[in-house]
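Please look at the sequence and the model together before reading on. The report below is meant to be followed with both in view.

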Amino acid sequence: MRPASKKLVSVIIWAAIHVALISLGLLQPWKVESDLYSVLPDSSEFKNVSEAEKALSARSMRNFTVLVGHRDFAVAKSAAEALEASFALDSAFAETRLYVDDSAMQRMSDFFFEYCNVLQGKPVRDLLKAGLKAGDSSAFSAIADMARQKVYGAFTIADLSHLEDDPFLLGAESFDYFTLHSQLMGGRFTLRDGVLAAEDSSVSYVMWSAALSPTVSTMASDGHVLARLDRVLDSLRLTHEGLRIEKSGVPFHSYESSRNAQSEVAWISGVSIVLILLLLLWAFRTPVPIVCTLVAIGVAICAALSGTWALFGSIHVFTFVFGTSVIGVSIDYAIHFFTDWKHGTSESGLEIRRHIFKGLLLGFMTTELSYIALTFADFPLLRQMAVFSIVGLASSFATILLLFPNLPLPQGDARAKSMAPTRIPAFILDIYDHFAPRTVVVAGIVLLLALVPGVLKLNIHTDMRALYAMSENLKRSEALNARLNNLGISANYFIVEGSSEQELLQNEESLVRRLDSALDMAHDSVSSSVKPVLGGYLATSVYIPSLKVQEETFEGIRRLYASPVFGELLRDLNLSPDSVRVLEASPRYLTPQSEIPASFRSILSMLWIGEVNGKFYSAVFPLHVAANFEVSQFAEALPFVYAVNKMDNVNATLTDLSRVALLLVALAYLVVFVVLVLVYGFVQALKVIRAPVISCFFIAAVFGYCGIPFNFFAIVGVILTLGIGIDYALFFKEGGSRNLKTALAVMLSAMTTLISFGSLSFSSFVPVATFGFSVLLGILCCFALSPFSRR
Amino acid sequence: MAVALPTLWGSALAAGSASDVFKKPLTEASKPALQQSLSVLTASPLTMGDFKQTRTIKKMNREFVSTGSFAIDREAGIVWDTKKPFPSFLWVGDNSIVQWDVARDSKKTMSAKDNPVFAEFSGTIQSVFSGKFDELARNFDIFFVAGDSFSVGLVPKEKAVARVIASIVLSGRTELEKVTIVDGEGNQVVYDFSAQAHFKDLDSVEGAFKDLALKFKKVKK
């Protein structure tokens with residue numbers, strides 16, 4: 001085939017591949033995920049309720065609180081009112097809450113009176129149960145005494161107006177139990193002038209809480225509702241001198257993180273790109289390679305996006321961050337082509353391709369193999385990142401081999417070999433040439449021995465908590481909020497499952513019985529210095545018991561009315577049996593659909609997940625737990641209860657995944673090694689592979705010596721080092737012992753990679769910094785070792 | 001040693017009916033007289049006496065009367081020992097409220113430290129019975145009438161509280177003699193106090209209140 005035809009066929013193949021790939025992606029609806037929960041791996045025991053947990057998390061992740069504080073309560077309240085007025089009608093909020101209706105207590109009192117024969121707290125239910133046992137009249141007497149105490153005792157706030165309808169005052173008893181004695185009353189907030197207020201260090205704080213609308217993203221943007229909220233708060237600070245604003249809730253953390261990440265990405269990538277462009281301009285003295293390289297990168301990213309989209313249906317923002325390897329490797333391939341194009345002796349683009357083909361192909365295959373290995377890991381995000389990189393690299397490889405050879409070569413002096421900036425590569429290679437082979441072996445052994453203690457100190461562990469550094473302002477606000485609310489909701493909790501609402505409530509009650517036993521033990525040991533393992537819990541079935549429990553309660557109350565205790569009580573209260581309402585034969589039962597007071601409804605909306613995939617779910621939150629509280633212990637032998645230890649589960653799974661990913665890449669490298677042995681023979685293959693392998697140990701040793709946990713993100717850096725680093729050794733191997741053109745290309749490749757990834761290590765976003773630092777170390781080491789693989 | 005003071009009873013209070021007091025808001029001019037009146041509540045470290053509680057339920061047109069003894073200790077709080085017709089014992093301390101079922105010897109403790117409702121309750125009861133002016137002024141609009149006797153009217157500033165306590169009237173001469181608490185529905189509880197005696201501390205109590213002093217000491221443990 002004539003060269004012109006060859007070139008045309010190449011372009012047609014390149015265009016066909018890319019048009020097909022990009023069309024595939026365009027056929028899918030475009031969806032970008034930014035929610036961390038959507039990509040965290042599910043631990044094996046948790047998979048069944050993953051959807052329910054995600055629904056619960058998504059709900060709680062939209063709620064937040066702003067405490068508006070001032071030494072003068074009136075000023076704090078006025079500022080909070082201005083805040084409420086600014087956002088009460090804003091469609092970005094699902095709801096905002098400032099005012100508390102002063103009739104709320106009355107409505108609760110009415111509710112507990114209405115359901116008093118089916119809804120009772122544990123103390124009364126225990127007495128009723130005991131009373132149902134033949135011969136135990138003291139339990140019923142104790143219930144009657146509670147009523148006597150309310151009528152004749154001092155300072156009771158019980159509503160006695162229902163005495164003739166409810167002589168045992170069970171409504172008042174239920175009201176006391178569920179409101180005054182509730183765990184929810186543990187905070188310092190009280191109703192003051194129609195709002196919830198609390199005092200701390202002589203400052204009065206007024207609570208304003210809100211929930212973002214489900215359509216609002218937590219990713220920071222200029223017109224974001226939280227940016228508008230910040231502007232309103234700033235103006236309130238200006239108009240109310242001495243005003244204190246404390247913000248608390250997940251949306252603020254997500255917003256702050258993404259805002260910091262965006263500004264950081266902007267300056268880090270800006271500096272990197274400028275440095276890389278200057279470097280390339282210095283090396284090639286013409287903008288053609290730079291423009292072509294940018295085109296190759298652009299096309300590779302489009303292809304990678306489309307391929308990932310077509311395969312996964314969506315793409316996560318993390319994939320973009322880690323997919324930057326595509327840029328790094330695309331630049332490397334382009335640099336190798338253009339070093340020859342600008343400073344080589346090849347007569348045409350096709351001849352350049354012939355020269356670099358073997359090295360490029362081997363580099364491409366080894367890198368792709370590493371990424372293919374990662375697709376076997378059971379973690380959607382890792383797979384997505386691997387597919388993104390595989391497709392992007394393939395596109396870049398195709399562009400270099402099929403498109404770039406069509407470029408006309410520079411003419412005349414512009415292509416003079418002497419113009420090549422080879423002084424630095426020559427200087428570097430001279431240094432390497434001064435090393436005697438024996439010195440290199442001894443130095444290598446010393447280096448390897450020096451790495452051993454560091455590797456032995458390595459702590460392979462991922463702790464997501466350590467990866468997020470909260471700003472001082474948010475930390476202070478969260479601490480104040482926790483102090484004032486004092487609810488002590490545990491991060492570890494339970495998700496309960498049932499095939500119907502009633503089965504779910506009954507299953508919850510089985511768990512609640514276990515929690516009650518722990519609470520009873522805590523109360524028994526109240527005088528001891530040992531901190532109780534559990535301080536309380538929040539569960540739907542406490543407020544809406546199963547019909548079974550409600551029927552038991554009603555049966556107990558029916559027997560209470562039938563007992564002699566009833567007559568004695570009427571006598572003591574001077575009530576005539578004729579004036580007292582007869583207990584109804586069939587009471588009104590509570591269900592999750594019943595109308596309940598707003599303050600309880602808001603708690604239940606947090607606990608009740610509802611129907612997910614044909615099953616029903618709810619959450620049970622332990623309160624004020626001790627460090628040794630183990631949710632899994634309470635879920636033991638209860639197949640319908642799932643202990644959610646989200647952070648520990650995720651950490652353990654990511655740590656396991658890190659190990660699996662390393663193992664998969666090690667296997668891939670074994671395959672790479674076999675291929676290299678077939679191409680170069682055993683010894684030469686070993687020489688090529690040693691640079692990236694030693695580099696990985698170097699990264700591990702530095703992390704070990706510095707005491708930095710070798711987490712999932714560091715390990716992704718190692719995988720990238722293995723993928724990219726081997727290319728340098730291969731190019732040196734293919735380039736020959738004194739090929740300054742190759743040395744220049746490898747140096748430029750390494751420099752661009754070091755600039756782009758090394759700059760990431762300055763990020764304040766810990767996962768990105770860890771990843772960048774890992775790649776920085778690996779590429780530095782690879783670059784230092786790769787000249788030893790020259791022929 | 002007992003420091004028993006003569007009991008002063010006024011069958012009718014010279015300051016007029018309870019509702020009249022709400023026509024006289026506290027003014028800067030009447031403040032010193034109020035503080036002087038309240039000083040009868042704060043003068044003694046420990047006041048003990050008998051009470052009669054009359055609870056009137058408007059809707060039922062019924063009265064429930066109970067009697068017993070009380071103790072107000074400046075340091076340890078307030079004790080209400082109801083004896084008839086149904087015994088019950090209540091201690092309102094700074095950090096907790098304890099209901100003691102003496103017959104069953106079981107105590108129900110409500111921590112005021114961890115529960116703002118109980119803290120508010122404890123604070124209000126103690127401020128009313130111990131005459132702490134600053135506390136009263138913080139939570140109530142104050143009304144005051146004085147002559148041979150005094151009447152202090154209290155109306156909660158907080159609307160939500162007003163549903164439970166619409167108003168309180170304290171009245172007396174040289175002792176607190178009567179407290180009337182009216183709720184939002186118009187129901188009222190009247191405490192009539194008698195046989196007040198003043199002591200240095202619980203250990204120095206003798207005579208009729210010795211048993212109450214012992215119970216007080218026991219509940220504090």
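The sections below go from the basis of the model to its two chains.

## Basis of the model

This is a predicted model, in which local features need pLDDT of at least 70 and side-chain atom pairs count only at pLDDT 80 or more, while totals for chains, interfaces and linings use all residues. Residues are numbered from 1 along each chain as its sequence is written, chains are lettered from A and ligands numbered from 1 in the order in which they are written, and side-chain values use heavy atoms, with hydrogens and water left out.

## Chain B: contents and confidence

Chain B holds five helices and 11 strands, where helices (H or I, at least four residues) and strands (E, at least two) are DSSP runs numbered from the N terminus. Of its 221 residues, 49% count as buried, a word that stands for under 20% relative accessible area, with exposed meaning over 50% and partly exposed in between (1.4 Å probe, protein chains only). Among contacts in chain B between residues at least 6 apart in sequence, 48% join residues at least 24 apart; a contact means heavy atoms within 4.5 Å.

The predictor's confidence in each residue is given as pLDDT, from 0 to 100. For chain B the mean pLDDT is 81, and 88% of the residues reach 70 or more. Within this chain, confidence is lowest in helix H4 (residues 159–162) of chain B, at a mean of 70, and highest in strand E1 (residues 46–57) of chain B, at 93. Over residues 1–17 of chain B the pLDDT is below 50, although this stretch has 33 contacts in the model beyond near neighbours in sequence. Where pLDDT is low, the predicted coordinates should not be read in detail.

## Chain B: the sheet

In chain B, an open sheet of 11 strands has the order E6-E5-E4-E3-E2-E1-E11-E10-E9-E8-E7, with antiparallel pairing; two strands pair if DSSP finds at least two bridges between them. Strand E6 (106–111) and strand E7 of chain B stand at the edges, each with a single partner strand, so one side of each is left without a neighbour in the sheet. Neighbouring strands of this sheet are turned by 15° against each other on average, direction ignored. Such angles are taken between axes, lines fitted to C-alpha atoms (for helices over the stretch in contact), and run from 0 to 180 degrees between N-to-C directions.

E1(B) and strand E2 (residues 62–73) of chain B pair in the antiparallel sense over 12 bridges, and the bridge partner of B:Leu46 in E2(B) is B:Asp73. Strand E7 (residues 140–146) of chain B has five of its seven residues buried, and its antiparallel pairing with strand E8 (residues 150–156) of chain B runs over seven bridges. In this pair B:Phe144 stands opposite B:Val152 in E8(B), and the two strands form a hairpin with three residues between them. A cis peptide bond, with omega about 0°, joins B:Lys84 and B:Pro85, and B:Pro85 has its place in the loop between E3 and E4 of chain B.

## Chain A: a covered strand

Strand E2 (residues 63–70) of chain A is mostly covered, with seven of its eight residues buried. Eight bridges join E2(A) to strand E6 (residues 203–212) of chain A, and these two run antiparallel; here A:Val66 stands opposite A:Trp208. Five bridges join E2(A) to strand E7 (residues 244–248) of chain A, again in the antiparallel sense, and the bridge partner of A:Val68 in E7(A) is A:Ile245.

## Chain A: helices and buried residues

In helix H27 (residues 740–758) of chain A, 15 of the 19 residues are buried, so this helix is largely enclosed by the rest of the structure. A:His336, which lies in helix H12 (residues 325–343) of chain A, is buried with a relative accessible area of 7%. Leaving aside neighbours within four places in sequence, A:His336 is in contact with residues including A:Ala745, A:Val746 and A:Ser749.

A:Lys646 lies in helix H24 (residues 646–680) of chain A and counts as buried at 9% relative accessibility. By contrast, A:Asn613 counts as exposed at 71% relative accessibility, and has a positive phi of about 50° although it is not a glycine.
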